[in-house]
Amino acid sequence: MSVIEDIARPDAPDRWREYRRMWATFRRSHSAILGLIIVSAFLILAAIGPWIVPFPDDAYGAVHFERKLQAPNATHWFGTDEVGLDIYTRVIIGARTTLWIGLTVTGIAVLIGVPLGLLAGMSDGVLREVIMRVTDVFLSIPGLILAIAIVGALGPGILNAMFALALVWWPGYVRLVQAKVLSVRNETYVEAARSIGASRARIIFLHVLPNCTSPIIVKASMDMGLAILGAASLGFLGLGAQPPYPEWGAMISIGKNYLPDWWWYSLFPGLAIYLTVLGFNLLGDGLRDMLDPKQR
Amino acid sequence: MTPRPDVVTGLMTVDALLAGRPDVAREALWHMVLPAIALSLPALASIIRVNRAEMIESLDKDYILNARAQGVGSLRIVAAYALKNAILPTLAMIGLRFGWMLGGTVLVEGVFDYPGLGLYATNAAVSSDFDPIIAVTLVLGACFMIVNLLIDLAYAALDPRVRAQI
Amino acid sequence: MSEAMLTLQDLEVHFPTKGGVVRAVDGVSLSLRQGEILGLVGESGSGKSTVGKAALRLIDPTGGQVLIDGTDITTARLRDLKPVRTKAQLIFQDPHSSMNPRMTIKRIVGEPLIIHTAIRGAELDQTVARLLERVGLPAQFLHRFPHELSGGQKQRVAIARALAVDPDLLILDEPTSALDVSVQAQILEFLKELHAERPRMTSLFISHNLAVVRFLCHRVAVMYLGKIVEEGPVAQVFSNPQHPYTKALLSAVPLPEATRGAGRIQLEGDLPSPVDRAQGCAFHPRCPVARKGLCDTKAPPRVDTGETWARCHLIGETP
Ligand SMILES: Nc1ncnc2c1ncn2[C@@H]1O[C@H](COP(=O)(O)OP(=O)(O)OP(=O)(O)O)[C@@H](O)[C@H]1O
Ligand SMILES: [Mg+2]
């Protein structure tokens with residue numbers, strides 16, 4: 001119970017000093033700042049998208065054959081698609097879908113992977129073996145293939161795609177956390193905590209876990225980008241979001257049939273995916289330099 | 001389109017050569033160029049990145065300085081001393097990237113309409129036809145494991161410390 | 001020895017490893033009376049730290065018994081060890097790595113209090129500040145992180161953490177070997193004062209610095225390859241060492257009483273691995289006076305020589 005109490009009472013002024021120092025490191029890297037800007041822009045667009053788009057009705061599908069496949073112009077900045085929907089609107093609204101996919105997939109992966117990794121790292125013998133071998137089995141099949149197999153079993157659709165991606169993603173966290181726990185739990189300060197009589201829970205949550213968070217945060221940031229890419233891939237293959245749902249991968253999936261004459265159809269969603277994934281990757285790189293400089 | 005040569009191995013280029021049709025083989029190869037580039041570029045980038053970081057690190061070590069001081073030539077230092085140490089993490093990255101590439105084939109085949117295992121699995125998944133998916137998953141999983149085994153063996157061959165553990 | 005604070009009885013710690021069983025501690029018996037400071041000396045790898053950790057059950061002994069203040073803790077369950085943790089504390093060799101890098105000094109020193117007492121909030125802060133003051137650190141260190149402190153300051157913090165629960169037994173594992181000489185002297189002075197203030201305070205002082213042991217300790221035990229080879233009051237052992245290993249150790253340091261012997265005795269070779277242990281006396285391969293047919297076949301007996309004792313076949317035979 002005191003464990004919880006302690007977590008709720010962090011040493012605020014000291015932490016701030018530490019954060020300022022980290023920020024100074026982060027700021028030194030141009031690419032990290034670029035990543036932060038892209039990710040912030042993406043988050044803002046996702047938040048206010050529905051209120052700034054010119055054709056909100058186009059987001060979830062309507063039909064305007066009279067203005068189909070128009071090249072980018074003053075009214076339709078990114079052009080229109082084969083049923084006359086405004087691609088600019090759909091790309092902006094797509095940011096929401098994408099954010100929601102990224103957060104869910106990464107979130108579930110962290111929620112499954114981190115506790116299992118902690119458990120495998122802190123326990124010896126059978127339990128560790130079981131967890132790690134199951135993890136190995138998952139990791140021995142390339143991620144996207146496994147996701148396709150799972151979607152194949154469940155049927156195409158955005159929810160199933162997210163579920164499949166989350167199922168593919170957690171083993172990475174088990175590996176990461178287990179390896180980190182194994183090194184942290186042999187640190188002298190963990191032995192010191194035992195010598196002052198700290199309970200198992202206290203050692204795990206106050207001494208081991210906080211010293212494992214940096215690589216978890218870095219991986220989560222990178223994985224946001226990768227999960228988005230994965231969901232877009234499934235959408236592109238027709239296994240994820242189904243048109244006319246505003247999802248970038250699904251838009252490209254149809255748009256590619258209109259290449260190269262109607263290039264804007266797949267170009268703009270493609271750029272959106274590219275920028276978002278790039279942003280999360282640069283951000284993750286910057287966080288890594290900031291949080292654990294040794295681990296490159 | 002030139003007619004397909006007799007199927008012997010199932011590999012278009014090889015079959016064409018066996019049938020004495022280098023022109024067909026060339027065309028088949030030509031169709032692979034773009035997908036191959038698309039697949040290899042991302043892997044190329046991260047492999048270069050890892051190798052560069054490792055090279056910089058190992059060129060900074062004392063034994064390299066020592067070798068320089070003893071008059072070992074620059075090329076020899078880079079190739080024989082530094083690369084030998086940098087190659088291990090690079091190999092690990094190649095293994096990791098190979099898995100990604102296997103996943104990437106699915107997409108690339110989708111983009112180029114290249115009739116490979118990936119496209120086969122995708123079409124099966126879209127129509128919820130489960131058996132082909134399992135087959136493709138197993139085949140690609142086996143490929144991945146074999147490549148990783150090869151990389152582990154290469155590791156052991158290159159690093160005496162790893163060799164001692166086996 | 002009625003009031004033994006720490007008793008080790010035939011303590012054994014064997015580590016199974018791939019290369020064979022490492023007998024890090026192989027039958028160590030020691031007893032520390034209340035108020036006593038016992039120095040445990042020996043080469044690197046002789047098993048000193050392992051003794052210290054096993055005495056607090058940070059490592060589980062594979063044999064023998066550990067009694068703290070009369071309570072047998074050898075087989076106690078982890079949960080039942082909690083009271084023991086307020087009685088006995090360990091101070092580590094490297095103060096830096098013994099502190100959680102993400103905690104402030106306030107939390108590091110306060111943690112034992114949070115675990116063992118109901119003190120919280122402002123009272124906790126005050127208690128921690130008082131503890132820091134006691135080890136000679138101003139209260140402004142409360143909000144620092146370990147990496148913002150010097151080595152000596154960190155070791156003071158480690159001592160403050162150990163003193164937080166008011167222990168009667170301190171196990172100090174080379175607490176000053178990571179510090180420079182002047183800081184080392186301050187810490188040693190502090191420990192001496194601490195013992196003067198508190199008559200119950202008992203310390204097991206692990207060190208390979210004989211000068212420090214001579215300054216601080218009442219008795220000394222010499223360890224070689226997991227076994228105690230000689231033990232006795234510091235004055236006697238240092239002025240009249242019995243075991244050839246003790247003689248060799250003492251001859252290597254310029255101590256006032258050790259200068260009378262036949263000059264420096266050079267030990268040949270390194271400490272052998274505790275895995276492939278020699279037959280007979282563990283020291284015989286490096287012993288300058290070892291006798292064939294005796295030292296390499298039979299384990300040496302324990303020979304009492306007044307207040308000290310040693311484990312050697314040749315005691316009393318040749319000067
Ligand atoms: N967990 C372990 N597993 C295997 N062997 C170990 C383990 N811990 C210690 N040892 C071995 O036990 C022996 C004694 O180690 P210990 O740390 O007690 O020595 P020490 O006397 O404290 O040395 P130092 O003066 O260097 O601190 C060494 O040979 C060491 O390699
Ligand atoms: Mg030690």
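This is a predicted model: local features need pLDDT of at least 70, side-chain atom pairs count only at pLDDT 80 or more; totals for chains, interfaces and linings use all residues.
Residues are numbered from 1 along each chain as its sequence is written, chains are lettered from A and ligands numbered from 1 in the order in which they are written, and side-chain values use heavy atoms, with hydrogens and water left out.

**Entry 1: chain A against chain C**

I looked up who takes part: 26 residues come from chain A and 32 residues from chain C, where contact means heavy atoms within 4.5 Å. How many salt bridges are there between chain A and chain C? I found two, counting a side-chain nitrogen of Lys or Arg within 4 Å of a carboxyl oxygen of Asp or Glu. One of them links A:Arg202 to C:Glu111, with the closest N and O atoms 2.8 Å apart.

I then counted polar contacts and got 13 residue pairs between chain A and chain C, both residues at pLDDT 80 or more. The rule asks for a pair of N or O atoms within 3.5 Å; within protein, one must be able to donate a hydrogen and the other to accept it, and residues adjacent in sequence count only if both atoms are side-chain atoms.

On the chain A side, the elements giving two or more residues are α1 (2-7), α2 (12-27), α8 (188-195), α9 (200-208) and α10 (213-236). Helices (H or I, at least four residues) and strands (E, at least two) are DSSP runs, numbered from the N terminus. The largest share, six residues, comes from α8(A). By class, I noted six nonpolar, eight polar and twelve charged residues on this side. For the classes, Ala, Val, Leu, Ile, Met, Phe, Trp, Tyr, Cys and Pro count as nonpolar, Asp, Glu, Lys and Arg as charged, and the others, Gly among them, as polar.

**Entry 2: chain B against chain A**

Next I checked chain B and chain A, which bury about 1700 Å² between them, 75% of it on carbon and sulfur atoms. B:Arg49, B:Leu107 and B:Thr137 supply 25% of the area that chain B buries here, more than any other three residues. Each chain puts 21 residues into the contact.

I found one salt bridge between chain B and chain A: B:Arg49 meets A:Asp285 at 2.7 Å, N to O. Two residue pairs are in polar contact, both residues at pLDDT 80 or more. Which element of chain B gives the most to the side that touches chain A? My look-up says α4(B), with eight residues. That side of chain B has 13 nonpolar, seven polar and one charged residues.

**Entry 3: the two domains of chain B**

Chain B is divided into domain 1 (1-31) and domain 2 (32-161), with bounds from an automatic or database domain assignment. Their C-alpha centres lie 28 Å apart. Domain 1 brings five residues to the contact and domain 2 brings four.

The two domains of chain B bury about 330 Å² between them, 56% of it on carbon and sulfur atoms. In domain 1, B:Leu29, B:Trp30 and B:His31 lose the most area to domain 2, together 82% of what that side buries. Helix α2 (residues 22-59) of chain B gives the largest share of the domain 1 side, four residues.

**Entry 4: the sheet in chain C**

I traced an open sheet of four strands in the order β2-β1-β4-β5 (chain C), with antiparallel pairing. Two strands pair if DSSP finds at least two bridges between them. The edge strands are β2 (20-33) and β5 (71-72) of chain C.

Going along the sheet, I listed these pairs:

- β1 (residues 4-17) and β2 of chain C share eleven bridges, and C:Thr17 stands opposite C:Gly20.
- β1(C) is joined to β4 (residues 63-68) of chain C by five bridges, and C:Leu8 stands opposite C:Val66.
- β4(C) and β5(C) pair over two bridges, and C:Leu67 stands opposite C:Asp72.

Last, I looked at the hairpin of β4(C) and β5(C): two residues lie between the strands, and C:Asp69 takes a positive phi near 50 degrees.

Terms used:
Buried area is the accessible area (1.4 Å probe) that two parts lose on being put together, summed over both.
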